[in-house]
Amino acid sequence: MPRCLLRDRQIVVDEWRYAAEAGADGAEPLIVTFDQWRAEPKTLLARGGRLGIVLAPAHRIEQLAPDLAHFALIAVEFPGPAEGRGYTQARLLRERWNFKGELRATGHVRRDQLFFMARCGFNSFELPETELKDAAAAFSTFSAAYQPSNDLGLAFRLRPGTPASA
Amino acid sequence: MYRYDLTDKTLVQERVAQFRDQTQRFLAGLLSEDEFRHLRLRNGLYIQRHAPMLRVAIPYGLLSSAQLRTLARIARRYDRGYGHFTTRQNIQYNWPKLEQVPDILAELAEVEMHAIQTSGNCIRNVTSDHLAGVTPHELEDPRPWCEIIRQWSSFHPEFTYLPRKFKIAVTGAPQDRAASLVHDVGVHIVRGPGGDLGFEILAGGGLGRTPVIGQVVREFLPRQHLLSYLEAILRVYNLEGRRDNLTKARIKILVRSLGLEEFKKRVEAEWELLRETGPRVDDAQIARMRAFFDPPAYRALPDGEPDAGKETAFRAWYRYNTAAHKVSGYRAVFVSLKKPDMPPGDATDAQMELIAHLADRYSFGEVRVTHTQNLLLADVEQGKCYELWQALEGAGLATPNIGTLTDIICCPGLDFCSLANAGSIDVAKLINERFDDYDYIYDLGELDVKMSGCMNACGHHHVGNIGILGVDKGGEEWYQITIGGAAGADASLGSVIGPSVAKTQVPETIARLLDVYVEQRQPEERFLDTVRRLGVKPFKERVYATLLAA
């Protein structure tokens with residue numbers, strides 16, 4: 001069954017396949033692991049299709065940075081509900097390394113995290129099927145924010161930054 | 001004090017709606033226990049021994065009288081008629097019903113209060129000096145900076161799933177009344193080399209299983225960079241702090257394992273990249289925030305002690321329960337929540353309402369919570385202190401013991417907390433029963449006794465001049481005693497005196513420690529200084545010389 005996910009606030013059928021998934025041989029577009037990329041970048045590039053890569057919590061963005069241009073998608077992994085490194089990884093990818101492709105949250109992703117994830121720069125979310133339908137409401141959990149971040153669509157204003165006259 | 005604008009109000013109301021939805025989904029079986037745990041903890045809700053425990057944020061300990069009245073009403077309506085003030089200047093309710101928590105939050109929101117980030121692995125409620133803005137010798141009132149940090153840290157998208165909890169304390173005076181050296185980050189307002197005010201930043205302090213005194217990571221940070229520097233520290237911590245072991249996940253462990261120099265290097269490197277792009281606080285913003293904390297309309301009054309002719313009880317109270325004020329004719333007045341037969345830090349709904357009334361009448365409608373679990377009316381005319389004392393005395397709120405042996409910091413312990421190994425409240429009671437002679441207590445002078453019912457150290461036992469830690473020994477409650485800890489600017493960790501003692505032996509143990517002090521002290525020497533001078537040995541020898549009477 002094809003996977004559905006939330007991308008740019010729409011429920012869409014995922015056209016990407018993870019390398020470990022059944023039927024991924026020759027699939028395009030393909031999401032590879034960090035190790036696969038490290039082992040055979042040339043082979044993967046020679047395929048010619050779009051490539052994505054999985055970033056685990058312990059991976060450092062600096063390790064990936066030189067190769068960023070090859071990827072149309074980065075899937076940041078959240079192994080459990082307490083994992084929080086992905087939020088920093090997302091901000092670094094967007095703000096420091098200017099990554100413009102699809103930034104996907106994968107693993108333990110629930111609607112209650114979406115507001116924060118979106119503010120950090122994620123634009124696609126692999127949610128459990130049961131949560132998919134109502135999850136988009138979570139993007140508007142809060143109508144403002146106290147910090148500048150990497151919002152896609154959410155209007156923020158830096159509250160300590162509000163001038164005295166405002 | 002800070003007043004919400006429309007955005008603040010909206011955000012807090014949206015939080016209530018979010019939590020109501022999360023609670024309903026949990027009760028409907030759509031969220032698992034574990035999933036809900038991560039969500040409710042970020043809203044101050046623990047599942048405790050008897051019922052859920054709800055911790056409500058009192059940002060840097062500052063309350064309006066209207067807020068205190070709401071806290072009283074919540075205690076009456078949703079709890080059993082009392083609340084417990086904590087070492088982090090918050091209040092805890094021990095008996096709310098889970099399904100009513102969203103309603104409690106809605107009532108709090110009406111008076112600009114919430115339970116946001118009062119627990120969970122996120123940036124917690126920022127704490128400060130309870131004498132902020134009124135104490136002489138202060139370089140600058142830290143509260144505008146606390147509010148800036150409160151706003152910046154609320155719902156911070158990047159730092160809401162940290163390896164572990166993260167506590168920040170801010171002080172502006174040379175005396176440290178906020179225990180900032182045992183916080184994950186301590187922010188001290190200091191004067192820089194050019195004469196400008198800025199911050200000294202400490203990191204890596206903390207209590208719990210592995211107590212550590214914070215270390216300076218930056219001697220001087222220009223003020224406009226406070227938030228970007230905090231982001232740099234948090235970013236390094238978020239990426240590199242341990243997540244595989246809960247007991248090794250605090251920033252103190254990261255600082256220790258990297259070493260201070262390497263930690264500093266990484267923070268500075270991150271900050272170099274953040275200082276221009278990260279949040280910046282400019283002068284207009286500082287001025288706007290400061291305006292919220294402008295001094296109240298003090299009257300021009302001569303400085304003078306209230307009538308010396310008043311009764312002895314009042315004079316003792318005035319001496320111990322009031323503190324110097326920077327404005328002539330005023331005192332800061334402690335409301336003692338350490339009545340011998342009451343659990344330390346507890347206040348009833350009626351007491352809270354009375355204190356709110358007294359705040360309106362005598363102290364510009366504001367009340368503060370101290371980290372030592374008392375309340376404070378910060379701006380009382382000296383000439384009104386006698387009236388105020390009478391009103392407090394009548395409500396059991398004038399126990400003249402601030403800063404003395406019986407002003408005990410104490411966690412809720414085994415009676416309420418599901419983490420505790422042993423009772424705390426009943427030990428405090430035993431100590432109070434044993435030491436009820438005020439001449440003796442006053443003769444001992446300044447003395448901090450701090451007690452925790454378990455290793456988590458909510459009662460700050462490591463930094464008590466006398467620390468008491470509850471331990472479980474084969475299902476029995478025993479107590480490990482430390483001496484020589486301190487929480488102020490000269491913070492130190494206490495040393496264990498020897499084998500733990502039974503509950504009924506705690507008062508006798510303390511008596512023996514105090515005997516050594518009384519015999520060996522030099523003129524004007526505090527208990528802490530005698531311990532520092534003599535070391536643990538003579539105290540240990542005395543305590544264990546003969547069998548401890550129960």
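Let me start with a contact in chain B: P144(B), E147(B) and I148(B) in α5(B) meet I286(B), M289(B) and R290(B) in α9(B), where a contact is counted if the C-beta atoms of two residues, placed from the backbone, lie within 7 Å. By class, this contact of α5(B) with α9(B) has 4 nonpolar, no polar and 2 charged residues, with Ala, Val, Leu, Ile, Met, Phe, Trp, Tyr, Cys and Pro taken as nonpolar, Asp, Glu, Lys and Arg as charged, and the others, Gly among them, as polar. The helices themselves are α5, residues 143-153, and α9, residues 283-291, of chain B, and their axes come within 9 Å and cross at roughly 110°. That makes α5(B) roughly perpendicular to α9(B), in a scheme where 65 to 115 degrees counts as roughly perpendicular, under 35 as roughly parallel, over 145 as roughly antiparallel and the rest as oblique. Axes here are lines fitted to C-alpha atoms, for helices over the stretch in contact, and angles run from 0 to 180 degrees between N-to-C directions.

Before going further, a word on what we are looking at. This is a predicted model, in which local features need pLDDT of at least 70 and side-chain atom pairs count only at pLDDT 80 or more, while totals for chains, interfaces and linings use all residues. Residues are numbered from 1 along each chain as its sequence is written, and chains are lettered from A and ligands numbered from 1 in the order in which they are written. The model scores ipTM 0.93 and pTM 0.95, and chain B averages a pLDDT of 95, with 99% of its residues scoring at least 70; pLDDT is the predictor's confidence in each residue, from 0 to 100. Helices (H or I, at least four residues) and strands (E, at least two) are DSSP runs, numbered from the N terminus.

Strand β1(B), residues 45-47, is joined to β2(B) by 3 bridges, with L45(B) opposite L54(B) and I47(B) having P52(B) as its bridge partner. A further 3 bridges join β2(B) to β5(B), residues 91-93, again running antiparallel, and there V56(B) stands opposite I91(B). β2(B) is mostly covered, with 4 of its 5 residues buried, where buried means that 20 or more other C-beta atoms lie within 10 Å of a residue's own, exposed means 12 or fewer, and partly exposed lies in between, with C-beta atoms placed from the backbone.

Now to chain A, which has 6 helices and 8 strands. Of its 166 residues, 37% count as buried. Its strands form an open sheet of 8, in the order β2-β1-β8-β7-β6-β5-β4-β3, with mixed pairing. The edge strands are β2 (10-13) and β3 (17-18) of chain A, each of which pairs on one side only. β1(A), residues 4-7, runs antiparallel to β2(A) and is joined to it by 4 bridges, among them the pairing of R7(A) with Q10(A). Across β5 (51-55), β6 (71-78) and β7 (102-107) of chain A lies helix α4(A), residues 85-96, running at about 160° to β6(A).

Finally, the two chains together. Their contact takes 34 residues from chain B and 31 residues from chain A. On the side of chain B that touches chain A, α1 (6-27), α2 (33-41), α5, α6 (226-240) and α9 each supply at least two residues, and the largest share, 6 residues, comes from α1(B). By class, the residues on that side of chain B divide into 15 nonpolar, 13 polar and 6 charged.

How values were computed. Two strands pair if DSSP finds at least two bridges between them.
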